[in-house]
Amino acid sequence: MKRVYNFNPGPATLPLEVLQEAQAEFLNFADTGMSIIEISHRSVAYEKVHNQAKADILELMKLSAEDYEVLFIQGGASLQFSMIPLNFATKKNPGSYVLSGTFSLNAYKEAEILGVGEVAASTKEENFRRVPRQDELKISDNAAYLHVCYNNTIYGTEFHYIPETKNIPLFADMSSDMLSRPIDFKKFSLIYAGVQKNLGPAGVVLVVVKKNLVEKSLETLPTMLRYDTFYKKNSLYNTPPAFSIYMVGKVAAWIKNSGGLEEMAKRNSAKAKILYDVIDESKNFYRGHAVKDSRSFMNVTFRLPSEELEKKFVAEAAEKNLVGVKGHRSVGGMRASIYNAMTLEGVETLADFMKKFAKSNS
Ligand SMILES: *Cc1c(COP(=O)(O)O)cnc(C)c1O
């Protein structure tokens, strides 16, 4: 069996053990004589999967089920960009946005369409090479929330501090770093993540939210755009994307059995260090896109001396089973996405290739 080292940003690599487990029980899930994608979402076997996934996620985040709820919603992280301002922002109490990359711009755009958004800070002028600092955040007192994108998948930057907002609820798009390290999640009122980066297959968004925020939505909102629809019905108002949720549950259990978020953080920072060290020690052959103190543990972005060399790098990497290293067109160059499931071996193989490539092409 040939498996490559998959550095794609998302959909992305998943733990081999999880894939194997899903494969082994695919034809006969939990002795039902059916697969998980054929059983009713009202069945006991499915409900067990659904509720266990929710419980494990809260446990990993060290959040209490009394205060926080886990919702499973479709439409990708992109639908959250719309649901958030629809549910929480008004002209009088606008949503405040930190612009730190493409996805935070997209989130802000949805609030702008509704006329309920404002900008707290932006690093667009610096081509998003860093996230804004605390002292740059300008949040108006009447803001409904502060929205940040915690890890900027395309630019390879990540927040390494939790923004202080006084009493304004903090909302975060953690699509590409959810459950990658321990964070004081209690400081956040709403966290969401399209799971196809770090936690499972595409098809579901994990929303972890303070219960008091979603107990009641605006009466004027259509049913499927209201958080309270998902909250009141345990995310089972309509048919959920059962397979995606099942896989997220398996990944959460895998994280738990591997040692939790502390262990993920240890592994992820070790992997990131290996690649950043190669970049820093390459005498400028590789140039990192992100400013050092904003560097992401999840997406390592870098350029080579020329576009010809970048093309050659991608082609030769593929010969070594290193795939998905081409960067996003808005940054150019390379991007290695090294989520929880990327092995140390994969990262060492890439680092080794990078060193040899620099040597033979400089
Ligand atoms: C990929 C990504 C998105 C978009 O997710 P979809 O599920 O495709 O809508 C949003 N935010 C971040 C940080 C991402 O990495």
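The following legends describe close-up views of a predicted model.

**Figure 1. Surroundings of the ligand.** The ligand is surrounded by 13 residues, the closest being Ser78, Thr153, Asp173, Gln196 and Lys197. Sorted by class, this shell holds four nonpolar, seven polar and two charged residues. Helix H3 (residues 76-88) makes the greatest contribution to the shell, supplying four residues.

Figure 2. For Ser78, a polar side-chain atom is placed 2.6 Å from an oxygen atom of the ligand. Asp173 instead faces a nitrogen atom of the ligand, with an N or O atom of the Asp173 side chain at 2.6 Å. Lys197 has a polar side-chain atom 2.6 Å from an oxygen atom of the ligand. The ligand taken alone exposes 380 Å², of which the protein buries 86%.

**Figure 3. Nonpolar patch on the surface.** The patch consists of Phe26, Leu27, Ile37 and Phe243, which together have about 400 Å² of accessible area. One of its members, Leu27, belongs to the loop between helix H1 (16-24) and helix H2 (44-61). Leu27 counts as exposed because its relative accessibility is 70%, and the threshold for that class is over 50%.

**Figure 4. Salt bridge between Lys54 and Glu69.** The two side chains meet in a salt bridge with an N to O distance of 2.7 Å. Lys54 is buried, with a relative accessible area of 12%. Glu69 is also buried, at 11%. Both assignments follow from the cut-off for buried residues, which is under 20% relative accessible area.

**Figure 5. Side-chain contacts of Arg181.** Arg181 is located in the loop between strand E8 (170-173) and E9. Its relative accessible area is 14%, and Arg181 is therefore classed as buried. The Arg181 side chain makes a polar contact with the side chain of Glu158 at 3.2 Å. The side chain of Arg181 also reaches a backbone atom, the oxygen of Phe159, at 2.8 Å.

**Figure 6. Salt bridge between Glu310 and Arg303.** The side chains of Glu310 and Arg303 form a salt bridge with an N to O distance of 3.1 Å. Glu310 is buried, with a relative accessible area of 7%, whereas Arg303 is partly exposed at 25%. The partners therefore fall on either side of the cut-off for buried residues, under 20%.

Figure 7. Lys356 and Asp352 are joined through their side chains by a salt bridge of 3.1 Å, N to O. Both residues lie in helix H10 (residues 344-361), where they are four residues apart, about one turn of the helix. Lys356 counts as exposed at 55% relative accessibility, while Asp352, at 38%, counts as partly exposed.

**Figure 8. Network of salt bridges.** Glu126, Arg130, Arg133, Asp135 and Glu136 are linked to one another in a network of salt bridges. The count of salt bridges comes to 23.

**Figure 9. Loop position of Gly200.** Gly200 is placed in the loop between strand E9 (190-194) and strand E10 (205-210). Although part of a loop, Gly200 is buried, with a relative accessible area of 3%. Gly200 and Arg42 are 158 residues apart along the chain, and their C-alpha atoms are separated by 22 Å.

**Figure 10. Loop position of Ser330.** The loop between strand E13 (322-323) and strand E14 (334-337) contains Ser330. Ser330 has a relative accessibility of 34% and therefore counts as partly exposed. From Ser330 to His289 the C-alpha to C-alpha distance is 12 Å, and the two residues are 41 residues apart in sequence.

Methods
Residues numbered from 1 in each chain as written. Predicted model: local features only at pLDDT ≥ 70, side-chain atom pairs only at ≥ 80, totals over all residues. Heavy atoms only, no water. Patch = residues over 30% accessible without salt bridge, like charges linked within 9 Å, V, L, I, M, F, W, Y side chains within 5 Å. Areas by Shrake-Rupley, 256 points an atom, 1.4 Å probe, with all protein chains shown as cover. Salt bridge = Lys/Arg side-chain N within 4 Å of Asp/Glu carboxyl O. Helix = DSSP H or I, 4+ residues; strand = E, 2+ residues; numbered from the N terminus. Buried < 20%, exposed > 50% of the residue type's maximum accessible area, 1.4 Å probe, protein only. Near = heavy atom within 4 Å. Polar contact = N/O pair within 3.5 Å; in protein donor to acceptor, adjacent residues only side chain to side chain. Nonpolar A, V, L, I, M, F, W, Y, C, P; charged D, E, K, R; others polar.
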